Amino acid sequence: MAQKLLVKKPESFWDIYERKPGEDKQSTHYCPGCGHGNVHKLIAEALDDFGVTEKAILINPVGCSVFAYYYFRCGNVQVAHGRAPAVGTALSRCNPDSLVICYQGDGDLAAIGTNELIHAANRGENMTIFFVNNAIYGMTGGQMAPTTLIGQKTMTTPYGRNSQNEGYPIKVCELLASLEAPVYLERVALTDAKHMAKARQAIRKAINNQINKKGFSLVELLSPCPTGWGVEPPDAHKWIEENMFPYFKLGVYRDVADQREPIVRAKRIMDPKEVIEKLSLDKIGLESGGITSVPIDKYANPSLKIAGFGGQGVLLLGEVLAKAAMIKGYEVSWLPSYGPEMRGGTANCSVIIQKEKIGSPMATNPKVLIAMNRPSLEKFQNDVLPGGIIIYNTSLIDIEPSRKDVEIVSIKATGIADELGNVRVANMVALGTYIGYTGLLGREEVLKALSDSISRKNLISLNEEAIIRGMECAGKRV
Ligand SMILES: Cc1ncc(C[n+]2csc(CCOP(=O)(O)OP(=O)(O)O)c2C)c(N)n1
Ligand code: SF4
Ligand SMILES: [Mg+2]
């Protein structure tokens, strides 16, 4: 047999990583020598041994381990950057018997999410945080993190981190040790076998504390990122010992779980019927949580998903549309979204335009999809409400929408923009098409919104022209 496993794979991992795209469903997506795989394994083994996989909810971060849900067989929630302790608070309070594990990198936890971390720790939430400190933003290509060491060269500190410019690396365990509530804080390292054994022990202790409802535990793991540091994988452990150990002292910073009583919080169980009534979900046909069966008027009160690749100006398209609708007196919302795991990848925004107050700014099942490239059409077309509209850019999309229950509007947005002298105004051609096709807004409001949104005034006339061309071309249905 080519492969003989000496140690059984933890059952808290999937046997085959079906959620992982591509051919390879057996290995993880991490770089050689990365510490994330080791942390995953230690967590999975602990879940197995405590027999708590079924009640575990892993909160996946934004960072290299954004795809942790490919691997763990337990509950998974993907949260916005840094928000794990806030979402974890809700999960833990709503279901006190669950095991809430926040898995966070140093950028996620100690930069964008510092606020949530400190307050969750200070409230003594019954949760466990595994903080993977690799002293860098691994996922985005190696920028400085709050834990980057003095003198460490990164993409954003090419001459080395300088305390006068960037301050000092944040010591998370020491910071949290100034709070009363946390019950367990320890810093360990993923280097040699001895340190790995300590890391294993710490992970178990933190999980055990939560099982016993003792409150907030955090384990900081000094973890290799050979790619971000520009070192060979075999040298990464030495890098930790030489660079991280002197500054980030290993050890236990708090261990008082034995002295604390289990947390008991009052439960407030909501009656689902009451929730539906309070949110008026019964009136808009969303009480089943699925796509509404109420016939829609696709032109009035639209919700739109506008999607394309980064650089196509889909966010600006949405912004101009929302502003124009606001000028006309509508309630509006505009919500941009960048894929958590992508750089220069797809971007989209939700725009809601209504006469009434807006409940949610998310166009999860939009009435209208404007797709500027093929991945966007493929990704979102099935979300459009039956009877809705799909407007798609045939210059870049070489397939037809598969939906038969919506109106399809094709527009050579990029081609027309090219004729006008700049492919970047394809977004405005698509906007014009939408306006022209639906008649929702007048030319005046749209052009006024445009001039408000574009700072480089010399570009306004070209964008105006693009909108007008789009309006003229609207109405050509396929
Ligand atoms: C709101 C938001 N801001 C910024 C980003 C870009 N971003 C993605 S991952 C990341 C840093 C991740 O670094 P870290 O938490 O240290 O994780 P690592 O990849 O090193 O494990 C950033 C800034 C984003 N996705 N979302
Ligand atoms: S960039 Fe660093 S943290 Fe990310 S997968 Fe590679 S080694 Fe791991
Ligand atoms: Mg990091």
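**Close-up views of a predicted model**

**View 1. Residue E116 sits in helix α4.** This helix spans residues 114-123. The model shown here is predicted. Is E116 buried or exposed? E116 counts as buried because its relative accessibility is 18%, and the cut-off for buried is under 20%.

**View 2. E116 and its contacts beyond its sequence neighbours.** Residues within four places in sequence are set aside here. E116 then touches G82, R83, P85 and A86. V132 lies 16 residues from E116 along the chain. The C-alpha atoms of E116 and V132 are 17 Å apart.

**View 3. The largest nonpolar core has 48 residues.** Which residues have the most contacts inside this core? They are L304, I306, L321, I370, L431, Y434 and L441. What does L304 touch, beyond residues up to four places away in sequence? Its partners are L321, C349, S350, V351, I353, A363, P366, V368, I370 and Y434.

**View 4. Another core, of 39 residues, lies apart from the largest one.** Among its members are L42, A44, A68 and I101.

View 5. Of its 478 residues, 48% count as buried. Take the contacts between residues at least 6 apart in sequence: 64% of them join residues at least 24 apart. The accessible surface is about 22900 Å², and carbon and sulfur atoms account for 53% of it. The chain carries 54 positive and 51 negative charges, whose mean positions lie 2 Å apart.

Key
Residues numbered from 1 in each chain as written. Chains lettered and ligands numbered in written order. Predicted model: local features only at pLDDT ≥ 70, side-chain atom pairs only at ≥ 80, totals over all residues. Heavy atoms only, no water. Buried < 20%, exposed > 50% of the residue type's maximum accessible area, 1.4 Å probe, protein only. Contact = heavy atoms within 4.5 Å. Areas by Shrake-Rupley, 256 points an atom, 1.4 Å probe, with all protein chains shown as cover. Lys, Arg positive; Asp, Glu negative; His and termini not counted. Charge placed at Lys NZ, Arg CZ, Asp CG, Glu CD. Core = buried A, V, L, I, M, F, W, Y, C linked by side-chain atoms within 4.5 Å. Helix = DSSP H or I, 4+ residues; strand = E, 2+ residues; numbered from the N terminus.
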